[in-house]
Amino acid sequence: FDAVENLGNLSSCQTPVNVEAIRSQDTPLFPNPGFDEVYIPACSNPEGCTIVIYASEGKQVKQLLLENGATSVDIRGLQSGLYFVQMEGKAYSFVKE
């Protein structure tokens, strides 16, 4: 988890992803584990929200703008493993099968 705790200054994130943020998730992603897509909390910004997904070693693997009330993210292109999601200053985690 050290790699995740030391992601550095990311311009698209208000708060770095870290273990404590993951432990304090108030809304989990589902299904978890996921295969084709995961559903996330609705974006509170009417203009859309930037979603950033990191692999367990801290490498950014996907970034997208979630618009129009969408609440799912396509994860078919990701390898199996643990991922962390940064959205609106909150951190979430999910497992890709």
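Two strands count as paired when DSSP finds at least two bridges between them. In this predicted model, strand β5 (residues 81-87) meets that rule with strand β6 (residues 90-96), to which 7 bridges join it. The two strands run antiparallel. They form a hairpin with 2 residues between them. In the turn, E88 has a positive phi of about 50°.

Strand β5 also pairs with strand β2 (residues 49-55). This pairing is antiparallel too, over 5 bridges. Residue F84 has a place in both pairings: F84 is the bridge partner of Y54, and F84 stands opposite S93 in β6. Of the 7 residues of β5, 5 are buried, so the strand is largely enclosed by the rest of the structure.

The structure holds 2 aromatic pairs. A pair of aromatic rings is described by the distance of the centres and the angle of the planes. F30 and Y39 form a stacked pair, at 5.5 Å centre to centre and with 20° between the planes. Y39 is partly exposed, and its relative accessible area is 29%.

Y83 and F94 form another pair. Their ring centres are 5.4 Å apart and their planes lie at 20°, so this pair is stacked. Y83 lies in β5 and F94 in β6, so the pair ties together parts that are 11 residues apart in sequence. Both Y83 and F94 are buried.

A charge also sits over a ring. K96 lies over the face of F35, at 5.0 Å from the ring centre.

Methods. Residues are numbered from 1 along each chain as its sequence is written. This is a predicted model: local features need pLDDT of at least 70, side-chain atom pairs count only at pLDDT 80 or more; totals for chains, interfaces and linings use all residues. Side-chain values use heavy atoms; hydrogens and water are left out. Buried means under 20% relative accessible area, exposed over 50%, partly exposed in between (1.4 Å probe, protein chains only). Helices (H or I, at least four residues) and strands (E, at least two) are DSSP runs, numbered from the N terminus. Rings of Phe, Tyr and Trp (its six-membered ring) pair if their centres lie within 6.5 Å; planes under 30 degrees apart count as stacked, over 60 as edge-to-face and the rest as tilted. A charge sits over a ring if NZ of Lys or CZ of Arg is within 6 Å of the ring centre and within 35 degrees of the ring normal.
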